[in-house]
Amino acid sequence: MNIADLRKSYEKAELSEDASAADPLKQFERWLNEAIQSEVPEPNAMTVATVASNMRPSTRVVLIKGYDERGIVWYTNYDSRKGKELAGNPYAALQFHWVELERVVRIEGRMEKISDAESDAYFHSRPLDSRIGAWASPQSQVIDGRGVLVTNAAKYAAQFMLNPPRPPHWGGYRLVPDEWQFWQGRKSRLHDRLRYRLNEGNWLRERLAP
């Protein structure tokens, strides 16, 4: 099969200015809920893009853990590659791709660490194995093999038993949006694409050519 011959016609829905919410957060919430109700695989998965000091971009998939008028929240190891890149350049981009619904949401803005209290509350809500894993994995570092992770997990499980504290290097980020894009696949590649951008403190909604 020639990969260049792979094509799909997008015909499931449309996105108009009249039918979309004036507030991008409300539009996002509407689409996220529809993705969850449609039982698409991992509707909470999103790609996070960061840029290092040498201007090289990188992406990875994480899970959204909360959202409100302040922004989009997710958690990670602050010493990971993405954590170090965000420390040097706090701007990032997120992307949700709900393939089955033929929809994409893109969000750009400035990243900030959430409060210790918020990070503590979420950390202690996680399954025990996940809490131990936050200690066991030196994320993004080179290790000799999987045995390192297994050994670390056993060590911290024995040390902390049922009550591992939140590691000082682990916590949440919040992306504070200044731009949203909502993309709905349409027939003949004439897709619907609405952008919301901050303009003097208000959200300006405008249509972009696909």
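Mentor: Happy to; we can go from the overall fold to the core, then to the strands and helices.

Trainee: What kind of model is this, and how are residues numbered?

Mentor: It is a predicted model, where local features need pLDDT of at least 70, side-chain atom pairs count only at pLDDT 80 or more, and totals for chains, interfaces and linings use all residues. Residues are numbered from 1 along each chain as its sequence is written, and side-chain values use heavy atoms, with hydrogens and water left out.

Trainee: How many helices and strands does the chain have?

Mentor: There are five helices and nine strands. Here helices (H or I, at least four residues) and strands (E, at least two) are DSSP runs, numbered from the N terminus. Along the sequence the order is α-β-β-β-β-α-β-β-α-α-α-β-β-β.

Trainee: And what does the C-alpha trace span along its principal axes?

Mentor: About 60 × 50 × 40 Å.

Trainee: What percentage of the residues count as buried?

Mentor: Of the 210 residues, 40% do. Buried means under 20% relative accessible area, exposed over 50%, and partly exposed in between, using a 1.4 Å probe and protein chains only.

Trainee: Okay, which residues have the most contacts inside the largest nonpolar core?

Mentor: Phe28, Met46, Trp74, Trp98, Val105 and Trp180, in a core of 29 residues. A nonpolar core is a set of buried Ala, Val, Leu, Ile, Met, Phe, Trp, Tyr and Cys residues joined through side-chain atoms within 4.5 Å.

Trainee: Which element gives the largest share of this core?

Mentor: Helix 1, with five residues. Among the elements that each supply at least two core residues are helix 1 (24–37), strand 1 (45–51), strand 6 (103–113) and strand 7 (170–184).

Trainee: Which way do strand 6 and strand 7 pair?

Mentor: They pair in the antiparallel sense, over 11 bridges; two strands count as paired if DSSP finds at least two bridges between them. Valine 104 has tryptophan 183 in strand 7 as its bridge partner. Strand 7 is also antiparallel to strand 4, with six bridges, and valine 73 has arginine 174 as its bridge partner there. Six bridges join strand 7 to strand 8, again antiparallel, and phenylalanine 182 stands opposite leucine 194 of strand 8.

Trainee: Let's switch to helix 4. Which of its residues are buried?

Mentor: In helix 4 (residues 128–136), the buried residues are Arg131, Ile132, Ala134, Trp135 and Ala136. Their cover includes helix 3 (116–123), helix 5 (146–160) and strand 7.

Trainee: Last one: is valine 150 buried or exposed?

Mentor: Valine 150 lies in helix 5 and counts as exposed because its relative accessible area is 52%. Its C-alpha atom is 7.8 Å from that of alanine 136, 14 residues apart along the chain.

Definitions and conventions
Contact = heavy atoms within 4.5 Å.
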